[in-house]
Amino acid sequence: MRDRHLGKMPRGGTTTARYEEDPDNAWNCCSWCEYLLIVILSTILLVGVLILTLFWVMFYRGGFAWSESPAHQFNLHPILMVAGFITLSGFSILIYRLCRCMKHIYVKLIHMFFHAVAIPCVALGFLSVFDSHNALQKPSFYSLHSWLGFVTMGMFVLQFVIGFFSFLVMLCCENKTYSCRAAMVPVHASLGLANFWLAVATAVTGLIEKERETAKDETLSSENRLIEHYITSAIGITLVLIGIIVTFAVRRSNAPASAKVYVTERI
């Protein structure tokens, strides 16, 4: 007998069905419209925030460099962190939750791939700011932004390792590890969403910190300062909107109230 929340335990070589594959859980027109709206809006926001950050750094922060120019080396930090923690991670979360056009194992692999690509972005972003601070003799890990970033990176790595072993490696013994994987689904999903919001909070506090430094820069004209203020404010608002829409997409279920929700889909 199927349980509404836990679904059917796999027996023999059979695989538990996903609720969207069950005819009882068919979507109506409103559900599909909501789905398309979330996909389109989230794509625009996730790509848009990266483009906006790149525009800010290129045209108002002097572009990029490496160790030959520590001040410009720092500019790699916001771009790489937004690319890794926000854009790539955001797409990874949304693909896992919203992708309905392929088998679940392929969705898992794409989910892992996006997070894997985010790792070098985060690592280079951390190295760029660390080297820049050392060259400019600035203290590291002294602000709320830096400590939030440290916690975010730690949780990100932990989530990746747990997810890799729990939901990919353990599939080698699918039936024997079913209970363990079932217990890990809500934990992994909740921590993943918390980690994403930590990334948003870290990015916003970083923008505030940078804006305070810019306000003290006497080489900038008042007009440039004002324009940068509007740009960083737009980036901050976009980040918050991304956090809201990703949370909505993850926590919202379009299935009917009477639908059978299986354990592999509990978020």
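Why does V122 count as buried? Its relative accessibility is 8%, and buried means under 20%, so V122 counts as buried. The model is predicted.

**V122 and its surroundings**
- V122 sits in helix α4.
- Beyond residues up to four places away in sequence, V122 touches M81, G84, F85 and M153.
- Between V122 and P78 there are 9.9 Å in space, C-alpha to C-alpha, against a separation of 44 residues in sequence.

**The largest pocket**
- The largest pocket holds about 810 Å³ of space.
- Its lining is made up of 40 residues.
- Nearest the centre of the largest pocket lie F74, H77, P78, V129 and H145.
- At least two lining residues come from each of α1 (29–60), α2 (70–73), α3 (76–98), α4 (104–135), α5 (144–167), α6 (178–215) and α7 (222–251).
- Helix α6 gives the largest share of the lining, with eight residues.
- Sorted by class, the lining of the largest pocket has 22 nonpolar residues, 13 polar and five charged.

**Helix α5**
- Helix α5 has 24 residues.
- From first C-alpha to last, α5 reaches 33 Å, close to the 34 Å expected at 1.5 Å a residue.
- The buried residues of α5 are H145, S146, L148, G149, T152, M153, F156, Q159, G163, S166 and F167.
- One of these buried residues, M153, is touched by V122.
- Another residue of that buried set, H145, is among those nearest the centre of the largest pocket.
- The cover over the buried residues of α5 includes α3, α4 and α6.

**Q73**
- Q73 belongs to helix α2.
- Q73 counts as buried because its relative accessibility is 1%, under the 20% cut-off.
- Leaving aside neighbours within four places in sequence, Q73 is in contact with A65, W66, S67, L127, S128, D131 and S132.

**Annotated spans**
- An unreviewed UniProt entry carries the annotation "transmembrane region" for residues 35–59, 79–98, 105–127, 147–173, 185–208 and 230–250.
- In the model, residues 79–98 are 100% helix and 0% strand, and the end C-alpha atoms of this span lie 26 Å apart.
- Residues 230–250 are likewise 100% helix and 0% strand, with 30 Å between the end C-alpha atoms.

Note on methods:
Residues are numbered from 1 along each chain as its sequence is written. This is a predicted model: local features need pLDDT of at least 70, side-chain atom pairs count only at pLDDT 80 or more; totals for chains, interfaces and linings use all residues. Side-chain values use heavy atoms; hydrogens and water are left out. On a 1 Å grid over the protein atoms alone, a cavity is a set of points where a 1.4 Å probe fits but cannot get out, and a pocket is an open set with protein on both sides within 12 Å along at least five of seven lines; lining residues have an atom within 4 Å of a point. Grid points are joined across faces, edges and corners, and a volume is the space filled by probe spheres set on the points. Helices (H or I, at least four residues) and strands (E, at least two) are DSSP runs, numbered from the N terminus. Ala, Val, Leu, Ile, Met, Phe, Trp, Tyr, Cys and Pro count as nonpolar, Asp, Glu, Lys and Arg as charged, and the others, Gly among them, as polar. The expected span of a helix is 1.5 Å times one less than its number of residues. Buried means under 20% relative accessible area, exposed over 50%, partly exposed in between (1.4 Å probe, protein chains only). Contact means heavy atoms within 4.5 Å. UniProt positions are given in the numbering used here, feature names are shortened, and annotations may be inferred rather than shown by experiment.
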